[in-house]
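Let's take a walk through this model together. Have the viewer open and follow along as we go.

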Amino acid sequence: MSRRDLTVKWALYGAAVLAVVLVQSLVLNYIRVLSVHPFLLPMLVGVIAAFEGPQGGCIFGLVFGALCDMTMQAAIPCFYTLDFVLIAFLSALIAKNLIAPGFFCSLLVSAISLVVTQLFYTLIFTYHNIGSPLGILSLMGRELLVSMVLSPLLYLLFHHVYRKTKTD
């Protein structure tokens, strides 16, 4: 893949990510279902990593996580960086070794992405004695249900970018 093709591919991914971040920030953060709002950012990382593989996925997870850490409040410093690199790595491994990148792979990595993020929060909050682990796991279940409804839309968006920029 030429440098120009690579630049175009990641510029298109960047535009799609920006669109999702804007929808998350301006719309979804204000919608509450079951006392939680949908959270697309971990799923976004998982879907892109499934398409792009371990190297591209982990680099994306690192960069996007660092940007999120600089712009969003989290439980600990570098939370999103650590979380998104782990999500990218797991998603890329699943797509490479378990199920080929596609719709069902995206659903699986989206669910795993949300679970990894919430388990990370559970560990941090339990360590700091903030809330009960059972309450945090209840939150995880509700957030998983509410967020997974939007997972097919993420798949369609990023599959479109992947297909448009794929070179054989």
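How many salt bridges does the count come to? Keep in mind that this is a predicted model; the count comes to one salt bridge. In that salt bridge the side chains of K9 and E52 meet, at 2.7 Å from N to O. The pair ties together distant parts of the chain, since K9 sits in helix α1 and E52 in helix α2, 43 residues apart. As a general point, side chains of opposite charge can pair when their charged atoms come close.

From here, turn to the nonpolar side chains. In soluble globular proteins, such side chains tend to be buried together. Here the largest nonpolar core has 38 residues, and L44, V45, F64, F84 and F158 touch the most other members. Helices α1 (3-26), α2 (41-71), α3 (79-97), α4 (103-127) and α6 (151-165) each supply at least two residues of this core, with α2 giving the most, 13 residues.

Finally, let's visit the largest pocket, which has a volume of about 410 Å³. Of the 22 residues that line this pocket, H37, F39, Y80, Y121 and E143 are the closest to its centre. Helices α1, α4 and α5 (133-148) each supply at least two residues of the lining, and the largest share, four residues, comes from α5. By class, the lining has twelve nonpolar, eight polar and two charged residues.

Notes
Residues are numbered from 1 along each chain as its sequence is written. This is a predicted model: local features need pLDDT of at least 70, side-chain atom pairs count only at pLDDT 80 or more; totals for chains, interfaces and linings use all residues. Side-chain values use heavy atoms; hydrogens and water are left out. A nonpolar core is a set of buried Ala, Val, Leu, Ile, Met, Phe, Trp, Tyr and Cys residues joined through side-chain atoms within 4.5 Å. Buried means under 20% relative accessible area, exposed over 50%, partly exposed in between (1.4 Å probe, protein chains only). A salt bridge is a side-chain nitrogen of Lys or Arg within 4 Å of a carboxyl oxygen of Asp or Glu. On a 1 Å grid over the protein atoms alone, a cavity is a set of points where a 1.4 Å probe fits but cannot get out, and a pocket is an open set with protein on both sides within 12 Å along at least five of seven lines; lining residues have an atom within 4 Å of a point. Grid points are joined across faces, edges and corners, and a volume is the space filled by probe spheres set on the points. Ala, Val, Leu, Ile, Met, Phe, Trp, Tyr, Cys and Pro count as nonpolar, Asp, Glu, Lys and Arg as charged, and the others, Gly among them, as polar.
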